[in-house]
Amino acid sequence: MNDALESSLVRFLLVGGFGEALYLALYGLVWRASGRVTTAIAIAGGICLVLNAVLHARISFRVRFHPALLLRYTMIQLLCLLLSLLAGWGLERFGTNAWAVAMLTLVIWSGTSFLLTRHSFRPQPPEATAGLASRHTSSSRR
């Protein structure tokens, strides 16, 4: 099991599964308290979006979290939503079963999210960071 946890894909799926379970729990709580579906979606979704960004940085890809990652993660999720909507629309037009559409769009969303998040959340090599610091320092001396 330890070897499996070394895989960023396995860690990504575990964090994602936790995020989905938390979303459903928060959705249920907020919906019961407010009686409004849209309020429940907004609050539960917002909390889980931020939490997933932090957990994917720290656990899935083992990088330091910073606010720019939250922006990148949000953009990735919006792209995944768009791709899933387009795929779902196309599959529905071909008469695909609703549950098959759900499973296929889940794979599209998760796969795209993993690949783009893995690319976006990769650690910066030390020489890239040092180069930025030296350019900043030298330009401020002028």
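## Overall secondary structure

The chain contains six helices and zero strands, giving the pattern α-α-α-α-α-α along the sequence. Helices (H or I, at least four residues) and strands (E, at least two) are DSSP runs, numbered from the N terminus.

This is a predicted model, in which local features need pLDDT of at least 70, side-chain atom pairs count only at pLDDT 80 or more, and totals for chains, interfaces and linings use all residues. Residues are numbered from 1 along each chain as its sequence is written, and side-chain values use heavy atoms, leaving out hydrogens and water.

## Burial in the chain

Of the 142 residues in the chain, 25% are buried (under 20% relative accessible area, with a 1.4 Å probe and protein chains only).

## Helix 5

Helix 5 covers residues 98–120. Its 23 residues should span 33 Å at 1.5 Å a residue, and its end C-alpha atoms are 32 Å apart, which agrees. The expected span is 1.5 Å times one less than the number of residues.

The buried residues of helix 5 are V101, T105, T112, S113, F114, T117 and S120. They pack against helix 2 (8–34) and helix 4 (67–93).

## Helices 3 and 4

The axes of helix 3 (residues 37–60) and helix 4, lines fitted to C-alpha atoms over the stretch in contact, come within 10 Å and cross at roughly 115° (angles run from 0 to 180 degrees between N-to-C directions). Helix 3 is therefore roughly perpendicular to helix 4 (65 to 115 degrees).

In helix 3, L49, V50, N52, A53, H56 and A57 meet L69, L70, Y73, T74 and Q77 in helix 4 (contact means heavy atoms within 4.5 Å).

How values were computed. Buried means under 20% relative accessible area, exposed over 50%, partly exposed in between (1.4 Å probe, protein chains only). Angles under 35 degrees count as roughly parallel, over 145 as roughly antiparallel, 65 to 115 as roughly perpendicular and the rest as oblique.
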